[in-house]
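Student: I would like to learn how to read a model of this kind, one feature at a time. Could you take me through the general idea first and then the case at hand?

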Amino acid sequence: MADTNAETTSTHFGAHFFCKELKKRYRGKRPLKILVAGCGSGHEAFFIHEKTGAEVHSIDVEDFLKVSPEKREQIHFQVGSVCDLPFEENTFDAVFYYHVIEHVIVDGDDRSQESLQEIGRVTRNDGWVFIGTPNRSRLLSSLGAHRQSEWNPTIWNKIFDNLRDWKDRLVGRFHNRFGAHAGFTTGELNEMTSRV
């Protein structure tokens, strides 16, 4: 019997959802060109390339890639900022911007709106931007989190994350600019995207 969980543990749920939505939205209209903005270790970028066959470009502020040289070439990786993307206007059919926007802090300044402007600039007029971020109004965090390069999803780590979040809330520091993995409320995110 096949292991039905093997695919779902290879990357975030968001990458699976993104690929399914791409298939619905584009149904083979043309070869797709996709940007993974803030690609981290590269597993999501490669997963998206593998599942869609699209031309995938990936960018991050540092080279965090933990994929083989062959995979690295397939996802067209480069170092750069989501606030100053090295691409022409209207380049991408879709952008995968998953659990990155809450980390766009430069010298204590929240630059998330600037990153959205840049992503809007490089996305085609009929394109699609998929944004995933923690909900700042959540009661609990890390419950469904999977293993990451420097974080193990043990019950103790999940408890610690939630205690840290609640401490930050109590002292008024549950905001991205203070280094909390806070994210945005639905209202905050809707307001930011309405300005793009």
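Student: What pLDDT does the chain average?

Tutor: pLDDT is the predictor's confidence in each residue, from 0 to 100. The chain averages a pLDDT of 86, and 89% of the residues score at least 70. Over residues 1–9, however, the pLDDT is below 50, and beyond near neighbours in sequence this stretch has four contacts in the model, a contact being heavy atoms within 4.5 Å. This is a predicted model, in which local features need pLDDT of at least 70 and side-chain atom pairs count only at pLDDT 80 or more, while totals for chains, interfaces and linings use all residues. Residues are numbered from 1 along each chain as its sequence is written, and side-chain values use heavy atoms, with hydrogens and water left out.

Student: How many helices and strands does the chain have?

Tutor: Helices (H or I, at least four residues) and strands (E, at least two) are DSSP runs, numbered from the N terminus. The chain has six helices and seven strands, and from the N terminus on they run α-β-α-β-α-β-β-β-β-α-β-α-α.

Student: Why does the distance between the end C-alpha atoms of helix H1 agree with its number of residues?

Tutor: The expected span of a helix is 1.5 Å times one less than its number of residues. Helix H1 (residues 13–26) has 14 residues and should therefore span 20 Å, which agrees with its end C-alpha atoms being 20 Å apart. Just after H1, Arg-27 takes a positive phi of about 35 degrees.

Student: Which residues of H1 are buried, and what covers them?

Tutor: Buried means under 20% relative accessible area, exposed over 50%, and partly exposed in between (1.4 Å probe, protein chains only). In H1 the buried residues are Gly-14, Ala-15, His-16, Phe-18, Cys-19, Glu-21, Leu-22 and Tyr-26, and their cover includes strand S1 (33–37), helix H2 (43–52), strand S4 (92–98) and strand S7 (123–132). Of the 196 residues of the chain, 40% count as buried.

Student: Is Ile-75 buried or exposed, and which residues is it in contact with?

Tutor: Ile-75, found in the loop between helix H3 (69–74) and strand S3 (77–79), counts as buried because its relative accessibility is 0%. Leaving aside neighbours within four places in sequence, Ile-75 is in contact with Gly-42, Ala-45, Phe-46, His-49, Val-56, His-57, Ser-58 and Leu-65.

Student: Where is Ile-159, and why does it count as partly exposed?

Tutor: Ile-159 lies in helix H5 (residues 155–170), and it counts as partly exposed because its relative accessibility is 36%.
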